[in-house]
Amino acid sequence: MLDVCFEGYVMDRFCINGKELMGNPGVKPLVHPEMHSVKCLVDQQVCRDSGYEILAPLSTPTSSAAYCPAYRIGGASGFDKTIALARKLGSKESGCSTCTGETGTLEKGFRALFVGRVSADAAWSAAKPPVLEVSRVLRAGAECPNGLPQTQPPCGTSTAPAKMKGAYG
């Protein structure tokens, strides 16, 4: 198992597979994840049930994708921790019925820093990215704990400053 610390947009598989955002028809999820509503992510049963993935920016965006699904969120509590942070940061005023807005007013583009472990021999594909056994979910912009560098994802690039990039991949 390899330690991973990676920050990225969170997208549900339902929107990825449907090739457009549920709450924003015509917008491609892998082109504009910043347009994905927190309401869609945490309120819509079909979106929650489909599972979540962490996106990495592509070094060369195309008209159909500027991001790739780098990791699938896994682990005993990874999914629950992801939803909890999104609801805490999400805006109730934007129509998100399960958001608390406790520490934020985010309407769209939920990003977070994920810490966990991934199998050293996990193979990447866009349809089935490696499962990240998540142990911690932190606000976007947080530092990786215990001096862990931000991980180079199995697709795309790291969004970390150059000095923070890890060597995974």
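The torsion about the S-S bond of Cys5 and Cys144 comes out at about -95°, so this disulfide (a pair of cysteine sulfur atoms within 2.5 Å) is left-handed. Cys5 sits in strand S1 (residues 2-12) and Cys144 in the segment after S5, so the link ties together parts 139 residues apart in sequence; strands here are DSSP runs of E, at least two residues, and helices are runs of H or I, at least four, both numbered from the N terminus. The S to S distance is 2.0 Å, and Cys5 and Cys144 are both buried, meaning under 20% relative accessible area, with exposed over 50% and partly exposed in between (1.4 Å probe, protein chains only).

All of this comes from a predicted model, where local features need pLDDT of at least 70, side-chain atom pairs count only at pLDDT 80 or more, and totals for chains, interfaces and linings use all residues. Residues are numbered from 1 along each chain as its sequence is written, and side-chain values use heavy atoms, leaving out hydrogens and water.

The structure has three disulfides. Cys68 and Cys155 pair up with sulfurs 2.0 Å apart; Cys68 is in strand S3 (residues 67-74) and Cys155 in the segment after S5, 87 residues apart. Their S-S torsion is about 95°, so that bond is right-handed. Cys96 and Cys99 are bonded at 2.1 Å, also right-handed, with 70° about the S-S bond.

Cys15 is in no disulfide, and its nearest cysteine sulfur, that of Cys40, is 3.7 Å away. Cys47 is likewise in no disulfide, with the sulfur of Cys40 nearest at 3.4 Å. Cys15 is buried at 0% relative accessible area, and Cys47 is buried at 0% too.
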